[in-house]
Amino acid sequence: MLRPEPTRIEPVFSPRIWGARSLAPLFPDKTNLPEPIGEAWLTGLDCRIATGPFAGKTLGDAWREMPAEWRGTRLASIAQFPLLVKFIFPNDKLSIQVHPDDAYAAAHEQAAGGRGKTEMWHVISAELGAKVLVGLKPGVTEKRFLEFLAAQKPEDLFEAHQVKSGDTFFVPAGTAHTIGPGMVLCEVQEYSDLTYRVFDYGRVDGRGKPRELHIEKALDVMNFAGSHGGKVAPVSLPAERWSKTLLTACPYFATERWEFRATVQSQSNPARFELLVVLAGGGYIHSKGSPTMYGRSQCWLIPASLGQFSLQPEQSTTVLRTYVPDLPDLAAQLQESGISGAQVAHTVFA
């Protein structure tokens, strides 16, 4: 039996036409880049394990070999790693796009994994005036959307949100959206890379050709009847002498933000592993074995069977904790903590 221990995952960097040539301060060694990088995948299947008994393996291979007690009782039989976490570095607008849900992906996209894509964004930093578009305005029909698309003005039909550091947005499958420049996001999503582009601002790729659009499929999955996506209201969770906030939760993921200046104690859940993404600060993770140093921009897998562990900061630390929840159980815990049903409804999406 493999002794459980906190396990660091190395990122993989993905070039994007809309990306940035500097990823500082999250990645201070990634500046003056020869090509724009749009995304740092923290839990891509091709990411390498940096520490522990799976060191050197890809996350995809490690997951296949990972014992059930590391994965957790609820995830022991899941074939593919369930959570994709990224940093996003837009230096230009992303395409206007939409993602399918699980049912549509299972029926039409088996070659691409057959899994839909619901996601959330947490704003790490933002310049003044930075904005995202999430969901269509009330009353927008498919006919009207196509008219505005033909006129090259689809943005006019979207709900626009100015963003600032600390904001969180929930983007369920079927919700058309785009991200603007001047911000850095952490995205947590179902493990899927299915994207249907609707509008790409007339851009061309490195060979001078327009990128492919997927308008027919996009219209098949786009929600014209209103959406529960958009900016969400985080909920403060009970914690002594430190800040713990539930940003949002759905059947696919729950994500919390932790901020602390002194050691915090935690405990793994036998039902599921969790991920810790360090947004700022550094220090040590203590568990049964030797202390392990953590630092900014790192992603750590906490095995379900780890048991008690603690984070001892050397600098003030901000961490995102994300996992696959038992949603009814989570909602019940929140209400037992004195959080009203109305608050839960604005943060937890069934």
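Which strand does L279 lie in? It's β18, residues 274-286. Strands here are DSSP runs of E, at least two residues long, numbered from the N terminus.

Quick background, everyone: this is a predicted model, so local features need pLDDT of at least 70 and side-chain atom pairs count only at pLDDT 80 or more, while totals for chains, interfaces and linings use all residues. Residues are numbered from 1 along each chain as its sequence is written, and side-chain values use heavy atoms, with hydrogens and water left out.

Okay, back to L279. With a relative accessible area of 7%, L279 is buried; that word means under 20% relative accessible area, with a 1.4 Å probe and protein chains only. The strand around it is mostly covered too: ten of the 13 residues in β18 are buried.

So who does L279 touch? Setting aside neighbours within four places in sequence, its contacts (heavy atoms within 4.5 Å) include L26, F87, H122 and R257. Meanwhile Q267, twelve residues from L279 in sequence, sits 21 Å from it, C-alpha to C-alpha.

Last one: K86, in strand β4, residues 83-88. K86 counts as buried because its relative accessibility is 1%.

Methods:
Helices (H or I, at least four residues) and strands (E, at least two) are DSSP runs, numbered from the N terminus. Buried means under 20% relative accessible area, exposed over 50%, partly exposed in between (1.4 Å probe, protein chains only).
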